[in-house]
Amino acid sequence: MGGRLRVGLATTILTLVGGMWVFFAPFVVGYQKVGAHWTEATRTQMWTGGVLTVLSMLALLFFAVFAIRDAALAAERRRRQETESSEVG
Amino acid sequence: MSKYFFGIGGAVVGFLAGLWLMLAPFAQGYQPSGAAWADPTKASFWTGIGLVIVSVVGFILYALELVEEMRRRGVIERKVKPQPQQEYTPQVASQGNSAIEQAITPLLVEMLRDMQEQRQRREEQTSRAGETVQGERSQYDRPEGERRADS
């Protein structure tokens, strides 16, 4: 995995963390009291944070799935080439 | 290659969410324009800016990786940079001359070989022709009686 791809993955993880922060920010920062009626700002931030967290998690999950699939295909191709070259030799 | 599209998609979603977070306090009306920013507005706005910047960086990196992967697989052709023309210097000239010599020498060797073979063949033909002529001449040198007996 190259450096560029690692940094790209780090940005996706940061987006996931950012989504979780936005979800909990009203309670962490303190402008939404626990048990009190939710304000417009709280509702907006919890919905936005929740959707962002879920979508970032899905993006990471599918990235991992397809990365593993590509790695498996590459290994299969390499094994086939080695078998063919050993047969010819 | 599909994996890069999920990374790009995640970056786009992050970008849009960041933009929404920056604009939501004003769009939804819980931050009146001109008033001092409340805590929800500050948290939402600064988080939104952070998400936008991180998503743009992620998008660029995933896109570059995708383009590189497509070049590796031959979907996109690599651009070949034109070689800068070298300034003429004696060093460059001598390098060029030696390169020309290296290219021409095998051709010269082949040509010389061909010429030698042709000369050998001509000499063989000449010597065979000379032997035949000598043989015929020696026949005529013999006394007439022997010649008549042969025919």
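## Helices and a glycine

A helix here is a DSSP run of H or I at least four residues long, and helices are numbered from the N terminus. Just after helix 2 of chain B comes Gly74(B). This glycine takes a positive phi of about 85°.

Helix 2 of chain B covers residues 39–72, which makes 34 residues. From first C-alpha to last, helix 2 of chain B reaches 49 Å. That is close to the 50 Å expected at 1.5 Å a residue.

## Chain B as a whole

Chain B has four helices and zero strands. From the N terminus on, the order is α-α-α-α. Chain B has 151 residues, and 19% of them are buried. Take the contacts in chain B between residues at least 6 apart in sequence: 66% of these join residues at least 24 apart.

## How the chains meet

Now look at helix 1 of chain A and helix 1 (residues 2–28) of chain B. Their axes come within 10 Å and cross at roughly 35°. The crossing is left-handed. From helix 1 of chain A, the residues that meet the partner helix are Gly8(A), Thr11(A), Thr12(A), Thr15(A) and Val22(A). From helix 1 of chain B come Gly7(B), Gly10(B), Ala11(B), Gly14(B) and Leu21(B). The residues of this helix contact divide into three nonpolar, seven polar and no charged.

## A glycine in chain A

Gly49(A) sits in helix 2 of chain A. Is Gly49(A) buried or exposed? Gly49(A) is buried, because 22 other C-beta atoms lie within 10 Å and the cut-off for buried is 20 or more.

Gly49(A) touches Gly19(A), Met20(A), Val22(A) and Phe23(A), leaving aside residues up to four places away in sequence. Val22(A) is also one of the residues that meet helix 1 of chain B. Gly49(A) and Ala25(A) are 24 residues apart in sequence, and their C-alpha atoms are 9.2 Å apart in space.

## Confidence

The model scores ipTM 0.85 and pTM 0.65. Chain B has a mean pLDDT of 81, and 76% of its residues reach 70 or more. Where pLDDT is low, predicted coordinates should not be read in detail.

Definitions and conventions. Residues are numbered from 1 along each chain as its sequence is written. Chains are lettered from A and ligands numbered from 1 in the order in which they are written. This is a predicted model: local features need pLDDT of at least 70, side-chain atom pairs count only at pLDDT 80 or more; totals for chains, interfaces and linings use all residues. Helices (H or I, at least four residues) and strands (E, at least two) are DSSP runs, numbered from the N terminus. The expected span of a helix is 1.5 Å times one less than its number of residues. Axes are lines fitted to C-alpha atoms, for helices over the stretch in contact, and angles run from 0 to 180 degrees between N-to-C directions. A crossing is left-handed if the near helix is turned anticlockwise from the far one by less than a right angle, and right-handed if clockwise. Two residues are in contact if their C-beta atoms, placed from the backbone, lie within 7 Å. Ala, Val, Leu, Ile, Met, Phe, Trp, Tyr, Cys and Pro count as nonpolar, Asp, Glu, Lys and Arg as charged, and the others, Gly among them, as polar. pLDDT is the predictor's confidence in each residue, from 0 to 100. A residue is buried if 20 or more other C-beta atoms lie within 10 Å of its own, exposed if 12 or fewer, and partly exposed in between; C-beta atoms are placed from the backbone.
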